[in-house]
Amino acid sequence: MELKNSMNIILDEILKGKKNVALGGHVRPDGDCVGSCMGLYHYLREQYPDITADVYLEEVPEAYSIIKDTDEVKTQIDDSAVYDLFICLDCGDAQRLGFSRTLFEHAKETLCIDHHVSNDAFADHNYIVPDASSTSELIYRMIDKEKISLACAEALYMGIVHDTGVFQYSCTSPETMEAAAELMRKGINGSEIIDKTYYEKSYIQNQILGRALLESMLIMDKQCIVSVIRQKSMKFFQAKPSDLEGIVSQLRQTKGVEVAIFLHETAPHQFKVSLRSKGRVNVSEIAQFFGGGGHVRAAGVTMEGSSHDVINNITARIALQLKHDEEQDEKQ
Ligand code: 5GP
Ligand code: MN
C-alpha cells in the first residue's frame, strides 16, 4: 500500500459506512493525547450516534479527569475485536500505541492524525502536520466548528494548552490562538483547565521535581543540563511515572542551556529519556537516531545501558549538531 499523507482528509467521508470506531493514543498519555482522543470521542458520539466509538489509552493521569467521561476510557483490549476503523491520535509510530496496537493491526481501515515530525505516515489515511501545535488543534481543524459541544471544547482546549506550554512554545501559531478563542466561545472554563491540569502539582510531584532539580548537573560547557531519577527515588517518594511530567520543561528553563536531558530509570539499565531544546538543537533527530521520536524541540526515547552510557551517547549527538551549527555560523 502506498503510504501517503493527505491534507484533505474529510472525516465525514472516512466515517461513511462505519459501525464501530476505536480511538487510541500513545503510551503514557499526556494532555494532548488525552485531549485529542476525548475531544474526537465526544464529537463522534454526538454527531454520529449510529457509530459505536471506544477510546483505548493507558491509565489517564488523575488531573485530566476533569475532562468529561475519561472514566469510560478502556485500558484493556479484547484481542479478537475487529473495528471498522482505528483512529490513531498523537502517536508517531504504531509501536507507540502500546497495548492498543493489536486493534490497529486488526482494524479494517486506519487513520492517523498527528503532529510529530518523526511520523512516517503509517496508517491507510494520514493527516500529519508537523507545524501544528498539537493533535488537538488538528482535530479542531477537521471538525465542524458549529457542532463543537462544551465537553469536546474542554478536551481540545486542554490538549492545545499542554502541547503549547500554555500558548508559550514556538509551535503556538495565530491559528492556534484562533482555535483556542473559538473553543473559549463554547463556554469552557479555560483558567480552571489550565490550573487543574497543567500547573497544579501534587505534593509528591513537587517533591520529586525538587529532587530532580537539586541533583541536576550542567555539562558540555553549561550548554546542557541533565538529571536522573532512579527507581529507588520513585519508590521513596511513592511516585508514578506520570508524576515526572513537567520536570524536563523546568530543567529547560535554566538560563544559558540549549538542551535539557531527563532520564527516568524504568528498569535496571533502562531509561526513558526526555529531551527538550531551545531551538539550536533538533532533539527529534537525536531521539530518532536512538529509535525514538518526537518534535524538533521536544522528543523522547527509551535507551539501554548505564546512565553514563546513555548521557554520553546523547551528548555526543548534541555536540555534533552544535559543532555543525557553529561551522555554519562561521561561514556566514
Ligand atoms: P516526553 O519527553 O514528554 O515523553 O515526550 C516528548 C515528545 O516526544 C512527545 O511528543 C512524545 O510523543 C515523543 N516521544 C517520547 N518518547 C518517545 C519514544 O520513545 N518514541 C517516539 N517515537 N516518540 C517519543
Ligand atoms: Mn501532541
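Author: Happy to! We will start with the ligands and then visit a few other places in the chain. Please keep in mind that this is a predicted model.

Let's begin with ligand 1. Its surroundings consist of 14 residues, and the closest are R96, H116, K272, S274 and R276. What kinds of residues make up this shell? Three are nonpolar, seven are polar and four are charged. To find your way in the structure, look for three strands: β9 (270-277), β10 (293-294) and β11 (298-304) each contribute at least two residues to the shell. The largest share, four residues, belongs to β11.

Now zoom in on some individual atoms. In one, a polar atom in the side chain of D93 is 3.3 Å from a nitrogen atom of ligand 1. In the other, the backbone takes part: an N or O atom from the backbone of G293 lies 3.3 Å from a nitrogen atom of ligand 1. There is also a contact on an oxygen atom of ligand 1, which lies 3.3 Å from a polar backbone atom of G300. How much of ligand 1 does the protein cover? Taken on its own, ligand 1 has 490 Å² of accessible area, and the protein covers 84% of that.

Next comes ligand 2, a manganese ion. Its protein donors are D32 (OD), D90 (OD), H115 (NE2) and D163 (OD), at 2.2 to 2.4 Å from the ion. Along the sequence, these donor residues follow the spacing D-x57-D-x24-H-x47-D. One pair shows how distant parts of the chain are linked here: D90 is in the loop between β3 (85-89) and α3 (101-106), while H115 is in the loop between β4 (110-114) and β5 (125-128), 25 residues apart. D90 has a value of 1%, so D90 is buried. H115 has a value of 2%, so H115 is buried too.

K18 sits in the loop between α1 (11-15) and β1 (20-25). Its relative accessible area is 13%, so K18 counts as buried. The side chain of K18 reaches the backbone oxygen of I14 at 2.8 Å. Leaving aside residues up to four places away in sequence, K18 touches I51, D84, L85 and E109.

The other lysine, K186, is in the loop between α6 (174-184) and α7 (190-199). Its relative accessibility is 24%, so K186 counts as partly exposed. A polar atom of the K186 side chain lies 2.8 Å from the backbone oxygen of K145. Again leaving aside residues up to four places away in sequence, K186 touches K145, E146, I148, L150 and A153.

Our last stop is helix α4, which spans residues 135-142 and is mostly covered. Seven of its eight residues are buried.

Definitions and conventions. Residues are numbered from 1 along each chain as its sequence is written. Chains are lettered from A and ligands numbered from 1 in the order in which they are written. This is a predicted model: local features need pLDDT of at least 70, side-chain atom pairs count only at pLDDT 80 or more; totals for chains, interfaces and linings use all residues. Side-chain values use heavy atoms; hydrogens and water are left out. A residue is near a molecule or strand if one of its heavy atoms lies within 4 Å of it. A polar contact is a pair of N or O atoms within 3.5 Å; within protein, one must be able to donate a hydrogen and the other to accept it, and residues adjacent in sequence count only if both atoms are side-chain atoms. Accessible areas come from the Shrake-Rupley method with a 1.4 Å probe; for residues, only the protein chains shown count as cover. Ala, Val, Leu, Ile, Met, Phe, Trp, Tyr, Cys and Pro count as nonpolar, Asp, Glu, Lys and Arg as charged, and the others, Gly among them, as polar. Donors are N, O and S atoms within 2.8 Å of the metal (3.2 Å for Na, K and Ca); water is not among the atoms, so sites may look incomplete. Buried means under 20% relative accessible area, exposed over 50%, partly exposed in between (1.4 Å probe, protein chains only). Contact means heavy atoms within 4.5 Å.
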